[in-house]
Amino acid sequence: MTSDTFIASIDQGTTSSRCIIFGHDGKPVGSAQKEHEQIFPRAGWVEHDAEEIWVNVREVVGAALGNADVKAEDIAAVGITNQRETTLVWDRTTGKPVYNAIVWQDTRTDELCTRLAGDMGTDRYQHITGLPLSTYFAGPKIRWILDNVDGVRERAEAGELCFGTMDSWVLWNLTGGTDGGIHVTDVTNASRTLLMDLETLQWREDICADFDIPVSMLPEIRTSSEIYGEVRPKGVLAGVPIAGILGDQQAATFGQACLEPGEAKNTYGTGNFLLLNTGTTPVRSEHGLLTTVCYKLGDKDTVYALEGSVAVTGSLVQWLRDNLGIIKNAKDIEDLAGTVEDNGGVYFVPAFSGLFAPRWRPDARGVISGLTRFANKGHIARAALEATAFQTREVIDAMRADSDVELTTLKVDGGMVVNELLMQFQSDILGVPVVRPVVNETTALGAAYAAGLAVDYWSGEDDIRANWSDDKTWEPDLDPTVRDEMYARWNRAVERTYDSA
């Protein structure tokens, strides 16, 4: 490929859709982003309008090309990355969703998961799928739509409906939609459904039967880096191959060049997601982590990861902005938290959607503990930021126990890593350096790499390693005694969230 061509990466996230255009050096040359509505029909329910998202995707692709001053013929390939687990069912003939997309944070399937677990417990399918039975994953969400939307089960059993995570929805529409759209997903997204066998990388018909989900609804599972098809003539990128798909956290791991066993990254977004590359053998967790596919490049061996997922981190800052109004913009949180020297004894556990890894407590609900007349909004803001770091510490402790790998450095990315106060506290509470890369948008970059490798835009993984470089490193600067006392107080606060649903 010539140096004057580029890769377009579509990043369909939880709060917004983006398109970023990358050059051969892995640096962005143009981008565009648009938020979509967060729909909360009732407590614990979170939905998106998938048709709004598709309109936004088309808009940001065109805008990114314009901002980069790049034409469609200059794009060598398109990569897709997406919010994982968010579940959509749509009609093959009309292209219309039968219901809003049910977002990964949604907890409406709690009772269903308990029924599916039965006497065998939440780890009923974990040896096959790497996942516990949880509201987090796509399988129970599909079942809820089949059971609760009029006429949908009959249409699904008649083969009229498609299920997909948002990568499948975007790809299907890009490749023609009702006019020959391609219905596929990649191994990383399939590994988040509770329906895929981690070893064979195929749908498990017996689990689908247990969930009462027709297999005909499911997309074909493909690798993370191959040509799936081309953008159809209606699209602004008409004729360009779509050649990479990675779920957002796996994409960030790839974009961070965590390509060897023992390398880890943490993404600070709507939630936090820490992935540890464990190599070509899946490591079964005994400490509340997920075993997941990290990536599969064409016909190369599958690479696996251990993952710890934290439901609420960046979205807590949004909550302080939108629900409490104590900040006007998300970036104001750092200045507000900086008005106080410490948290004043205040601890904030944002269990708005229960607690994910490593505790897996869907019954938990958020608490602010340690409030006195001394506490002010600065202490609450600081406690909100510290909650992100404490939850990350819990996940890293579990990873250490599972893998016997001692973390020496944490690579970080995502929207919150511009917050210097948070990054310093993260280093303090972990006791290890925290490193931010030059290119912070590693999720979009990872999908670009997957697509570029499939069309020989990059020659191999060494190109990815060569492109990675650090921007800033934070070193720990907290007395270990203080660190231990703060962590103990955090744990006491967490225990107060239980049995609250």
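Gly-269 sits in the loop between β13 (264–268) and β14 (272–279). Strands here are DSSP runs of E with at least two residues, while helices are runs of H or I with at least four, both numbered from the N terminus. This is a predicted model, in which local features need pLDDT of at least 70, side-chain atom pairs count only at pLDDT 80 or more, and totals for chains, interfaces and linings use all residues. Residues are numbered from 1 along each chain as its sequence is written, and side-chain values use heavy atoms, leaving out hydrogens and water.

Is Gly-269 buried or exposed, or partly exposed? With a relative accessible area of 26%, Gly-269 is partly exposed; buried means under 20%, exposed over 50%, and partly exposed in between, using a 1.4 Å probe and protein chains only.

Which residues does Gly-269 touch, leaving aside those up to four places away in sequence? They are Thr-313, Gly-314, Ser-315 and Met-416, where a contact means heavy atoms within 4.5 Å. Ser-315 is 46 residues from Gly-269 in sequence, yet their C-alpha atoms are 7.7 Å apart in space.

Now step back to the whole chain. Among contacts between residues at least 6 apart in sequence, 72% join residues at least 24 apart. The chain has 16 helices and 21 strands. Its C-alpha trace spans about 65 × 55 × 45 Å along the principal axes. Of the 501 residues, 61% count as buried.
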